[in-house]
Amino acid sequence: MKRRRLLQAIALLSASGSASLTLPAFAQNAKVTPLRIGYQKSSTLLTIIKSNGTLEKLLAPLSVKISWHEFSSGLPLLEALNVGGVDLSADVADTVPVFAQAAGAKLTYVAQEAPSPSAQAVIVRADSTIRTVADLRRKKIAVTKAAGVHYLLIATLEKAGLKFSDIDVAYLTPADGRAAFERGSVDAWVTWDPFLAGVQKQTPVRVLSDGRNVADYQRYYLASTPFAEAHPDVLAIVFNELKKTGLWVRQYPKEAATFLAPLWGLDAPTIELANSRRSYDVRAVVVSALGEQQRIADTFFAAGLLPKKVNATDVAIWKPA
């Protein structure tokens, strides 16, 4: 019964803006448009939407057929978007589009979540002798390549007067990073929610530094440029549903955590902790707000991690009507 009430609550939010999207009957006979959506475990809003089947219902009048594809992190997700493996990407950290741009990907920004700087952190085990960021010199640190935490690590080191070359980096997926961290194969781990909340709830750890005053940590939704140009009406529906779902998560944190628990395989208190550090404030992307993207691009290039300079504003941006 509780799950049914949750579904009904989200459905009411969705229904409020969907009536104007109804199409004439002849649209039912239109050619089917495939929409392949890529997501990862931290893709909270699209995880909820996927479970509810909301987009399938809203896009039925447009003859859109959705398929869902899960990825371990943002970089392989955008690589799939670039080569035509998926059409729409769930939220990825701000660093990921920068790497995609450097690779020449033709991507379109669809939406942005407002900053969530405390939703990622550099952590050490509770009994570690590492007390400050400066103590990370010559230590082995696990991080996921091109994820938001990759930039957080570089920026955190620089703030402490260290270079990226001063550490021994281990590029690992979140699952492998946690395993290495817990068995002591690395000295520190840089991760994001819900992985951060998960390890905090289950293992004695200490936060060495998070993103506050270092990295904004904004997450972006992107589409392949060909799909965005051909189907702006589809993106409008997706954008509206993301905004409504983000609002529901913020207004009903306990219900949202309960809903996500069986989907993520985590307990509700852990999810509520993770969600408390995410803004879930979905908004349109504007060129003037891409300053952090440029700082990320310049930082990665200076560290020798990008093959060329990137102009963060040289991108396609979908605009809501």
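**Reading a strand and a helix**

Modeller: Four bridges join strand β3 (residues 88-93) to β10, and the two run antiparallel. This is a predicted model in which local features need pLDDT of at least 70, side-chain atom pairs count only at pLDDT 80 or more, and totals for chains, interfaces and linings use all residues. Residues are numbered from 1 along each chain as its sequence is written, and side-chain values use heavy atoms, with hydrogens and water left out.

Biologist: Which residue stands opposite L222 in β10?

Modeller: Two strands pair if DSSP finds at least two bridges between them; helices (H or I, at least four residues) and strands (E, at least two) are DSSP runs, numbered from the N terminus. Here S89 stands opposite L222.

Biologist: How many bridges join strand β4 to β10?

Modeller: Six bridges join β4 (residues 107-113) to β10, also in antiparallel fashion, and A111 stands opposite Y221.

Biologist: Which residues point one way from β10, and which the other way?

Modeller: In a regular strand the side chains alternate between the two faces of the sheet. In β10, R219, Y221 and A223 point one way, Y220, L222 and S224 the other way, and all are buried (under 20% relative accessible area; exposed is over 50%, partly exposed in between, with a 1.4 Å probe and protein chains only).

Biologist: How many residues of helix α6 are buried?

Modeller: In α6, 10 of the 12 residues are buried, including H150, Y151 and T156. The helix covers residues 148-159 and reaches 17 Å from its first C-alpha to its last, close to the expected 16 Å (1.5 Å times one less than its number of residues). G161, with a positive phi near 85°, follows α6.
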